[in-house]
Amino acid sequence: MSVVNGGTPTQSANPNMGREMPKVVVIMGPTGSGKSRLAIDLASLFPVEIINADSMQVYRGLDVLTNKVPPEDQNGVPHHLLGTVSPDVEFTAKDFRDSAVPVIDDIISRGCLPMIVGGTNYYIQALVSPFLLDDSTENISGSCSIYHGDEELGIELDEGRDDLKYDHNHLKKIDPVSANRIHPNNHRKINQYLSLYYRTGVLPSILFQGKAAENWGQADNFRYNCCLICVDASVPQLDGHVNSRVDSMMTAGLLDEVYDIYNPNANYTRGLRQAIGVREFEEFLRYHVPKGRCEDDSAGFSPKNLMECNEILKENMRSIPNSPSDGQPSLLLKEAIDNVKLNTRRLVRRQRRQLRRLETLFGWKIHYVDSTEYITSKVEDSWTAQVVEPAVHIIRSFLKDGCSATETMNPHNSGQTIKKDVWTQYICQLICTGLWE
């Protein structure tokens, strides 16, 4: 089956004006809602190839913790950018865009339908918008630029973690313009701006000014003709589901994974170690793992003894959850597990808030399918009727007629209105060039 890409030219601001825009399906939604399963189910009806848009699943390793779809469950559907990046490097949104665009071109050249699947919304924004991560700022001109607040752009600058701490001096070294805007004691904003920089590779002071800010992420400036589908569910059901999923991960080998990646001297603000579920176990592992660990060269372990030593430590660690003891290891482990659940629930809320902002601030027309009934009942017929069939109808209409003019409303939207922050700060050229110090 071949998919013909086509679409209606958009407004003149769009660089795609005058040519047919390739069609791309995007499956979005909060963690635990069923995005990956829906994409694989849809691949049985459409010539789909999946491009992963989860910022932690792009890395090699931690397959259980990051909830990667194992090969045996992929049903032969091609998956791209899944477990391909070194865990020690920072894979920014710009890196994702630069990697995904040629993959999409290749998929389309073979008559197939690219399907972007993941909950990292800033990855998706970077991919579909031709303005977010431009390599130059040639559109920004004048002796003074308008510096827009991040609330106006609707950016969620972190992914559910409140424990990655930076300081004002660090931001000042990287981006003095942004640092000048923030009070040194506003740790949350400092964390957000530095998180944005490390994840996108773009200075906040560049991203938030001039034409780049005006055009970034707007629906009428998309790089592709996008069909946006969000799998969502009610928050109480998602909360219960992610709690149960963490318990299942513990059974599936989560402790072994975090043991293997544990390094007390590692940087937990970059690469795969940013994943929720890594840092939460740090205090437990620091207590449980002997100083120097088995791989310490000074211990003189042979490869065989090294393997045996690590296995003994892992076996002892695995026995702790089933131990009747209320000792320090059990308490630390329980606290770690509870924190993983808490931070994952926070992530759910932030992802849902991001989606509302994409609609309200950027005009994204998102179609919603509801997995609440399935999450609650685990009845397969409800998954088919409430999630798969509506998604199939949306995609068939999209392939036939192009983007729908009306989105499917989210039944779980709280109804809260997101307002643009109209605050702006005028920054003279002296500050913009960093010469004010």
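Accessible areas here come from the Shrake-Rupley method with a 1.4 Å probe, and for residues only the protein chains shown count as cover. On that basis the protein chain exposes about 19900 Å², of which carbon and sulfur atoms supply 50%. This is a predicted model, in which local features need pLDDT of at least 70 and side-chain atom pairs count only at pLDDT 80 or more, while totals for chains, interfaces and linings use all residues. Residues are numbered from 1 along each chain as its sequence is written, and side-chain values use heavy atoms, with hydrogens and water left out.

The protein chain contains 17 helices and eight strands; these are DSSP runs numbered from the N terminus, helices being H or I of at least four residues and strands E of at least two. Of its 437 residues, 53% count as buried. Buried means under 20% relative accessible area, exposed means over 50%, and partly exposed lies in between, with a 1.4 Å probe and protein chains only. Among contacts (heavy atoms within 4.5 Å) with a separation of 6 or more, 81% involve residues 24 or more positions apart.

Six strands form an open sheet in the order β3-β2-β4-β1-β6-β7, with parallel pairing. Strands count as paired if DSSP finds at least two bridges between them. The edges are β3 and β7, each of which pairs on one side only. Within the sheet, strand β2 (residues 48-52) runs parallel to strand β4 (residues 113-117), and five bridges join the two. Ile51 stands opposite Ile116 in β4. Strand β6 (residues 225-232) also pairs with β7 in the parallel sense, over five bridges, and Ile229 has His367 in β7 as its bridge partner. Although β7 is an edge strand, four of the five residues of β7 (residues 366-370) are buried.

Ile116 also belongs to the largest nonpolar core, which has 70 residues. A nonpolar core is a set of buried Ala, Val, Leu, Ile, Met, Phe, Trp, Tyr and Cys residues joined through side-chain atoms within 4.5 Å. Met28, Ile116, Phe281, Phe284, Leu285 and Trp364 touch the most other members of this core. Helix α14 (residues 328-362) gives the most to the core, with ten residues. In soluble globular proteins, nonpolar side chains tend to be buried together.

What is Phe284 in contact with, leaving aside its neighbours within four places in sequence? The partners are Leu255, Met317, Ile320, Pro329, Leu332 and Leu333. A second, separate core of 29 residues includes Ala39, Val77, Val117 and Ile229.

The buried residues of α11 are Leu254, Leu255, Asp256, Glu257, Val258, Tyr259 and Ile261.

The structure holds five aromatic pairs. Rings of Phe, Tyr and Trp (its six-membered ring) pair if their centres lie within 6.5 Å; planes under 30 degrees apart count as stacked, over 60 as edge-to-face and the rest as tilted. Phe91 and Tyr123 are edge-to-face, at 6.3 Å centre to centre with 70° between the planes. Phe91 sits in the loop between β3 (79-80) and α2 (93-109), and Tyr123 in helix α3 (residues 121-128), 32 residues apart. Phe91 counts as buried because its relative accessibility is 11%, and Tyr123 is buried with a relative accessible area of 0%. The pair of Phe96 and Tyr123 is stacked because the ring centres are 4.5 Å apart and the planes are at 15°. Phe96 lies in helix α2 and Tyr123 in helix α3, so this pair ties together parts that are 27 residues apart in sequence. Ring pairs link Phe91, Phe96, Tyr122 and Tyr123 into a cluster.

Another ring has a charged residue over it: Lys23 lies over the face of Phe398, at 5.2 Å from the ring centre. The criterion is NZ of Lys or CZ of Arg within 6 Å of the ring centre and within 35 degrees of the ring normal.

Two loop residues deserve a note on backbone angles. Asn67, in the loop between β2 and β3, has a positive phi of about 60° although it is not a glycine. Asn67 is partly exposed, with a relative accessible area of 34%. Lys378, in the loop between α15 (372-377) and α16 (380-401), has a positive phi near 60° and is likewise a residue other than glycine. Lys378 counts as partly exposed, at 44% relative accessibility.
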